[in-house]
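This report describes selected features of one protein model.

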Amino acid sequence: MSVEEIENTIEEYVKSARLAVEAGFDGVELHGANGYLIEQFINPTANQRSDQYGGSAENRIRFALEIAKRTIEAIGKNKVGIRVSPYGASNDMANYEGLEETYALLAEKLSALGLVYIHVVDHSALGAPPVSTSVKNLIRQNFKQTVILSGGYDPERAEKDLNEGKGDIVSFGRYFISNPNLVEKLIKGAKLNEPDMSTFYTPGEKGYIDYPAGL
């Protein structure tokens, strides 16, 4: 990407956020995880640039910070969060020297911008390396707003990590798909339906509206 193309892409993020809010959404989550474009800039195994967007950690996080800053300017900091996946392996992302320091710096800079939350996803349940406790602690220490944790959580692990102060909120994904009344089940300690992953991203009602809702 040329610098001009980067500039145009940043504007696409900003325009999309503005349109989402105009359409009635409460806010947007910038997707800096799963090997998508923002993470490709952050991760030096993908980012081979030698200009102001590549090389040092400061340069590699510049793309994410510029998107966050200008999205905040467009819709307000109370409507912008970001999702990140340190140690993620999606789309050929790989671990690298200085990974934890990179995310510590990113968290610090994002905190200064005032984003409402940072969402840290752990893909180890899907075969990626686990997100280390040390990088979670660094993000927690450097980001002063809300920290959301996600990735293969069950109620017991969620309660444990919240009690240990690793985050403020736990996000459930797959269990929300398979349990239409998940919140009620969590409150009552009821047994959860296991998700059928063979139905994910497939057409038709199976796997979307056919899970039992009873307690």
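## Basis and conventions

Helices (H or I, at least four residues) and strands (E, at least two) are DSSP runs, numbered from the N terminus. The model is predicted, so local features need pLDDT of at least 70 and side-chain atom pairs count only at pLDDT 80 or more, while totals for chains, interfaces and linings use all residues. Residues are numbered from 1 along each chain as its sequence is written, and side-chain values use heavy atoms, with hydrogens and water left out.

## Residue I10

I10 lies in helix α1 (residues 3–22). Its relative accessibility is 0%, so I10 counts as buried (under 20% relative accessible area; exposed is over 50%, partly exposed in between; 1.4 Å probe, protein chains only).

Beyond its neighbours within four places in sequence, I10 is in contact (heavy atoms within 4.5 Å) with F63, E66, I67 and R70. The C-alpha atoms of I10 and A68 are 9.2 Å apart, although 58 residues separate the two along the chain.

## The sheet

Five strands form an open sheet in the order β1-β2-β3-β4-β5, with parallel pairing (two strands pair if DSSP finds at least two bridges between them). Because β1 (28–32) and β5 (169–171) each have a single partner strand, they stand at the edges, and one side of each lacks a neighbour in the sheet.

Strand β4 (residues 146–150) is joined to β5 by three bridges. I148 stands opposite I169 in β5.

Apart from neighbours within four places in sequence, the contacts of Y103 are E39, I42, V84, S85, P86, Y96, V135 and I139.
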